[in-house]
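Here is a quick briefing for anyone meeting this structure for the first time. Have a look at the sequence and the fold, then read on.

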Amino acid sequence: MLNDPFHLILLLAAAFVAGALNAVAGGGSFLTLPALVFVGMPPVVANATGTVALLPGYVSGALGFREDLEAPPGLTLRALTVLSLVGGAIGAALLLVTDDMTFSRIVPWLLLLATVLFAVGPMLLRRLKGSGSGAGAGASAGKSAAGMLAVSIYGGYFNGGLGILLLALFGLLGQTKLNAMNGMKNVVSALLTAIAVAIYAWGGVVAWPQALVMMVAATAGGYFGARLARRIPAPMMRAGIVLTGLVMTVLFFLR
């Protein structure tokens, strides 16, 4: 499909914009997955390939917040790392045993869930912040670990809306420092995505030529997206992402 100029341009554009979206507010999966499916890639392979393409953005984001990293209450950095890797591995393994027909039926619902989470995310986080740090003060280590594992499994299987889920979880656990929350969000995303990519590769469900080309475009998009973020109002950007998610959801339901 890289021999077709139109397909190549579409994948490069989707990855570039996805990288920019992830740098600003998230939602890159709303573009990479549909673009790969549109050019003829099987849904499971498209999901895995799109995840590989967006991995560098998570890593660079984690490095950018390296001075602010702080595990949420109830978890240590070591425990969070282990849970992210284990959950990401479980989610990736579940994807490998999901056939394309089943995944095609699940994808519209996953996109809808991710879109709703993205749309209501700011309101949810404001409520969590308004409730104070006491929201997570009583969370036991077991409950914190269970929540972290569940979100990591979701991310290893389908990472759309992962950022909002992680921020919400950290807020529920009692974390209040925004930079620390964003930093840990990127760390967890990078860890579970890295292990998921390794499992996807082992399972042979990654289209590497497309993944590598899109990876370069997504990295470039992440840089320019971060620069452009200073000029575009956040509400306008978020509205555009939600609209994109809704359109892609409808198209996948119709398909």
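In which helix is the place of Ser-189? Ser-189 sits in helix α9, which covers residues 178-203. Before going further, bear in mind that this is a predicted model, in which local features need pLDDT of at least 70, side-chain atom pairs count only at pLDDT 80 or more, and totals for chains, interfaces and linings use all residues. Residues are numbered from 1 along each chain as its sequence is written, and side-chain values use heavy atoms, with hydrogens and water left out.

**The overall layout**

- The chain has 11 helices and 0 strands; helices (H or I, at least four residues) and strands (E, at least two) are DSSP runs, numbered from the N terminus.
- Read from the N terminus on, the elements go α-α-α-α-α-α-α-α-α-α-α.
- Of the chain's 255 residues, 47% count as buried; buried means under 20% relative accessible area, exposed means over 50%, and partly exposed is in between (1.4 Å probe, protein chains only).
- Take the contacts between residues at least 6 apart in sequence: 81% of them join residues at least 24 apart. Contact here means heavy atoms within 4.5 Å.

**Ser-189 and its surroundings**

- Ser-189 counts as buried because its relative accessibility is 3%.
- Setting aside neighbours within four places in sequence, Ser-189 touches Tyr-58, Leu-162 and Leu-166.

**Helix α9 and its partners**

- Helix α7 (residues 141-157) and α9 have axes that come within 9 Å and cross at roughly 50°. Axes are lines fitted to C-alpha atoms, for helices over the stretch in contact, and angles run from 0 to 180 degrees between N-to-C directions.
- α7 and α9 are therefore oblique to each other; angles under 35 degrees count as roughly parallel, over 145 as roughly antiparallel, 65 to 115 as roughly perpendicular and the rest as oblique.
- The α7 and α9 crossing is right-handed, a term used if the near helix is turned clockwise from the far one by less than a right angle, with anticlockwise being left-handed.
- On the α7 side, Met-148, Ser-152, Gly-155, Gly-156 and Tyr-157 meet Val-188, Leu-192, Ala-196 and Tyr-200 of α9.
- Sorted by class, the contact of α7 with α9 has 6 nonpolar, 3 polar and no charged residues. Here Ala, Val, Leu, Ile, Met, Phe, Trp, Tyr, Cys and Pro count as nonpolar, Asp, Glu, Lys and Arg as charged, and the others, Gly among them, as polar.
- Helix α4 (residues 77-96) also meets α9: their axes come within 8 Å and cross at roughly 40°.
- That α4 and α9 crossing is right-handed.
- The residues of α4 that meet α9 include Leu-77, Ser-84 and Gly-88, and those of α9 include Met-184, Val-188 and Trp-202.
- The contact of α4 with α9 has 17 nonpolar, 4 polar and no charged residues.

**Helices α2 and α3**

- Helix α2 (residues 29-38) packs on helix α3 (residues 43-64) at an angle of about 135°, with the axes 9 Å apart.
- That angle makes α2 oblique to α3, and the crossing is right-handed.
- Among the residues that meet are Ser-29, Leu-33 and Val-37 in α2, and Pro-43, Ala-46 and Leu-54 in α3.
- By class, the contact of α2 with α3 has 6 nonpolar, 5 polar and no charged residues.
- Val-39 is in the loop between α2 and α3, and at 8% relative accessibility Val-39 counts as buried.
- Val-39 and Phe-6 are 33 residues apart along the chain, and their C-alpha atoms are separated by 9.2 Å.

**Aromatic pairs**

- The whole structure has 4 aromatic pairs; rings of Phe, Tyr and Trp (its six-membered ring) pair if their centres lie within 6.5 Å, and planes under 30 degrees apart count as stacked, over 60 as edge-to-face and the rest as tilted.
- One of them is Phe-103 with Tyr-157: the ring centres are 5.9 Å apart and the planes lie at 65°, so the pair is edge-to-face.
- This pair links distant parts of the chain, with Phe-103 in helix α5 (residues 100-130) and Tyr-157 in helix α7, 54 residues apart.
- Phe-103 and Tyr-157 are both buried.
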